[in-house]
Every structure is written in C-alpha cells, then in structure tokens.
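Me: I'm new to reading protein structures. Could you walk me through a few features, one at a time?

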Amino acid sequence: MPPKLKRFVSPGKGNGLRATVRIGRGELVYSAEPLACCVSKKLARDVCHYCFSRRENLLRCSQCKMARYCNITCQKRAWSGHKRECKCLQSLRPRVPTDSVRLAARLIFALLSPSKSSSDELYTLEEHESHLSSMSENKKHGLSQLASMLELYVQQEVPDLEGASALPPSCREPFSLIAKVTCNCFTISDGELQEIGVGLYPSLSLLNHDCRPNCVTVFVGTELQLRAVRDIDPEEELTISYIETLSSTEERRRQLEDQYHFTCRCQHCDSQDKDGLVLSGHKSTWGPLKEALPRLEGLKAESDWQALLEGCSRLLTTVGRDVSDENLYKLRMTDLAADACIQLGHWEEAVGYGEKTLPVYSHYYPEPHPVHGVQLLRVGKLQHYLQRVEDALDTFKRAHRIMKLTHGDDHPMTADLLMKMEECRTEMVQFKGC
C-alpha cells in the first residue's frame, strides 16, 4: 500500500508532513517503532523495560539493578538493546542519568548495532533541529551539563565519542546530540495517556504543531500510532499537538517557546477564543487555586494522597465555591482530588469529582479527543464499581464513540472498554431477571 503521507516544506514552519490521499476520521495514518527509547526514571520499578507494560513484581536485571522485565522472555528479547546500557549503568551506580541522557545513549548504541538503521526514515538524524541558536544561555548551560554526563555515561562502551566513525556526524558531538534529543523526542504514554517513557521516532519528528490538530498520537507498547481525528484532504498538512492544550493562550505559547523554540500562530492561539472561559471569573477569586496547584502537584508526585485530598477539598469548598467549574485551575484541582480519592479508596467521592469534570472536558476537548475518551472511561469504571450499572454503560458508550476513533478498535484499551460494556449489559439482564 502506498504511504498516506509525504514530506514537504510547510510555509513558515520548515519541514512537515502532508497527506497523499484522502484520510477519513479515525483512520490509522502511520505507525512506527522507535529508533531508541527508554522507560522514565521515575517509573523504572513499575514498567517493563522491554514491552513498556505496567506490572507488579517485575524481574530485576541482576547486573545493573535498574532494568526490570515482565518475565524471562522480555528480558531475553531486551538483551541486545540493553547489554551496552547495562555496563554503563553499572559504572555509575547508584546514580542513574536523566531520561534524556539515557535516551541519547540508547540512540548511540542502536546506531552502533548493524540491525538498527535510520536510513529508511523520512527525516534523518542529521536533519533534526537542535535549536541551539534559539536557546538562552541558561538553557545551554543545562544542556552542557547533560552532555558531560552523556560522555561519562557511555565511556565504558564508546570511550571516544567524537572519534566514533561508525556514528553519523550529528551523534558524535554530545552537546548537539542532547539538544536534538530533547527537542525531538516523544513522550511514550500508556493507554490512559500517563507518561511511561520517551522515544525517538525520526520520521514523525517532521509533524508540526497545532493547538487544534487533525491527528493524535497514541501508543501500543512502544509503537506510536498516528490517527486522524477529522477528515483530511490530499495535500493537507498533518499536525499534532506537542503539549497539553487545556491552558490559556499565554501559557501554551510560553511552553512552546521554552521547549520547542517557536511562537504558535495557529488559529486557536491567534483567536484566543477559549481564554475568556478558561480563565472565567475574577483573578482575585481563582488566583488562590492557581497559586496552590504547584504545591498540590508536588504532593501527588510524592504520593501523599491524604494531604493532597485535604488540600484540594479545603480549597474547592471555600475558594472554589465562587469559581466556575469551567475555570482551568478549578478543573485541575478537581482532577487532583479525584486522583487522591481513587488512591485512598474513597470511591463515592472519586466518582463525584469525576462526574463534575465531564461537561467541562466535553466543552474543551473537541470530539474525538483521547483525553476526553479516557476521562469518560475512568468515570465509567468508578460508576460500575459502585454498581451504578446503567450510568456506567451510558458513560462507556460515550467513551467508545471517541476511543474507536482515537485509539482504534484493535487497541487494548478499546478492547477493555468493549468488555466493560458487555459486563454491564449482562448484569442489567441478570438484574431484570431477578
């Protein structure tokens, strides 16, 4: 089958990808395995370093003590990619490099392996932008430290990185390589869109950003799937969102400038059409919610669920009473409260917070959007657990309308959702029979 996309020069943006044929909403446009990837450091104990599945009681590599696997099969399959990394991890133990350093190292090791090549990619590593000329001195200093760590880390396997003739020239200079990796890597997420790792997918690095894109990316393990979320005409540019778009125009533009070094000029940003609703109410009213969020998100990162719930509950029942549910900062705090309730087993509270977010998600995330679909699935599971079977089935149906397009019928999350729907139908029949 001929490819559905091709490389082109996008006016005002540089390189990009566009459709070669008409692509229908929900259609799989492209899929790719990464040239290199690694599990996030903070999830190293919880995610298999080969298949990227979340599991309990993972087997630990006896040598480096960091890599973990579902079973012996995953460990054996991972060995060709892990053996060089294993020696490097041992050399630095107990220190573990950052995700970007480990990803850059795995890229180097992959390119030194005869079985790995970037020659089939639409976008070579040589062409990847480092954006060093656009960076502040402070950011360059941070990258310089990461580059020094990369040299130290790979020394066991590649003692003279700059003289490694087997590598493309762009991979021999640690500073430039780290810059390219940080600007072009993808966050690998699980089916519920939670971060589990990072990967480099050279061809798909050509995709340009839009805050209202026509495509989304989802993952099955480490495989990246690009799916259309609306009908796309031949020659139309394919876009994704580089960031979480539920924020004000000012915040989105600042994040894109800081991380990707461009000012977004998409229609959504130029019109600022949602800003009035996102920041609804007087700043003096919702300001305390915004100010409290970094501290509360810190409590979530530390898994201090009781303190998180108490903080969210106190603010939502005092300050939050006078703030519209559509306000961005109230929505974020409501989501945090739901997370805490789930972790603490406070199911009635959790479903209450979750249900409150659904109309807001529906408003901000134009269908079909994977974030909205996953939120519906999450609330439906809570309703089902609390034996609100009819409510759960209705919520699952709404989730399926979205996820069959954003994830596809063959995605494990969609299969799980269909199973949940069938369970609800069976239980309703049994209940009526009684």
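Me: Let's start with Val-319. Where does Val-319 sit?

Reply: Keep in mind that this is a predicted model. Val-319 is in the loop between helix 9 and helix 10.

Me: Is Val-319 buried, partly exposed or exposed?

Reply: The idea is to look at the relative accessible area: under 20% is buried and over 50% is exposed. Val-319 has 22%, so it counts as partly exposed.

Me: And which residues does Val-319 touch, beyond those up to four places away in sequence?

Reply: Those are Thr-285, Pro-288 and Leu-289.

Me: What is Met-333 in contact with, leaving aside neighbours within four places in sequence?

Reply: Met-333 is in contact with Leu-289, Ala-292, Leu-293, Leu-296, Cys-312, Leu-315 and Leu-316.

Me: Last topic: aromatic rings. What describes a pair?

Reply: A pair of aromatic rings is described by the distance of the centres and the angle of the planes. A search of the whole structure finds seven aromatic pairs. Take Phe-186 and Tyr-201: their centres are 5.7 Å apart with 85 degrees between the planes, an edge-to-face pair. Phe-186 is in strand 7 and Tyr-201 is in the loop between strand 8 and strand 9, so the pair ties together parts that are 15 residues apart in sequence. Both Phe-186 and Tyr-201 are buried.

Me: How would I classify the pair of Tyr-242 and Phe-262?

Reply: Planes over 60 degrees apart count as edge-to-face. The planes of Tyr-242 and Phe-262 are at 90 degrees, with the ring centres 6.1 Å apart, so this pair is edge-to-face. Tyr-242 is partly exposed at 25%, and Phe-262 is partly exposed at 28%.

Me: Which residues form an aromatic cluster with Phe-186?

Reply: Tyr-201 and Phe-219 form one cluster with Phe-186.

Note on methods: Residues numbered from 1 in each chain as written. Predicted model: local features only at pLDDT ≥ 70, side-chain atom pairs only at ≥ 80, totals over all residues. Heavy atoms only, no water. Contact = heavy atoms within 4.5 Å. Helix = DSSP H or I, 4+ residues; strand = E, 2+ residues; numbered from the N terminus. Buried < 20%, exposed > 50% of the residue type's maximum accessible area, 1.4 Å probe, protein only. Phe/Tyr/Trp six-rings, centres within 6.5 Å; stacked < 30°, edge-to-face > 60°.
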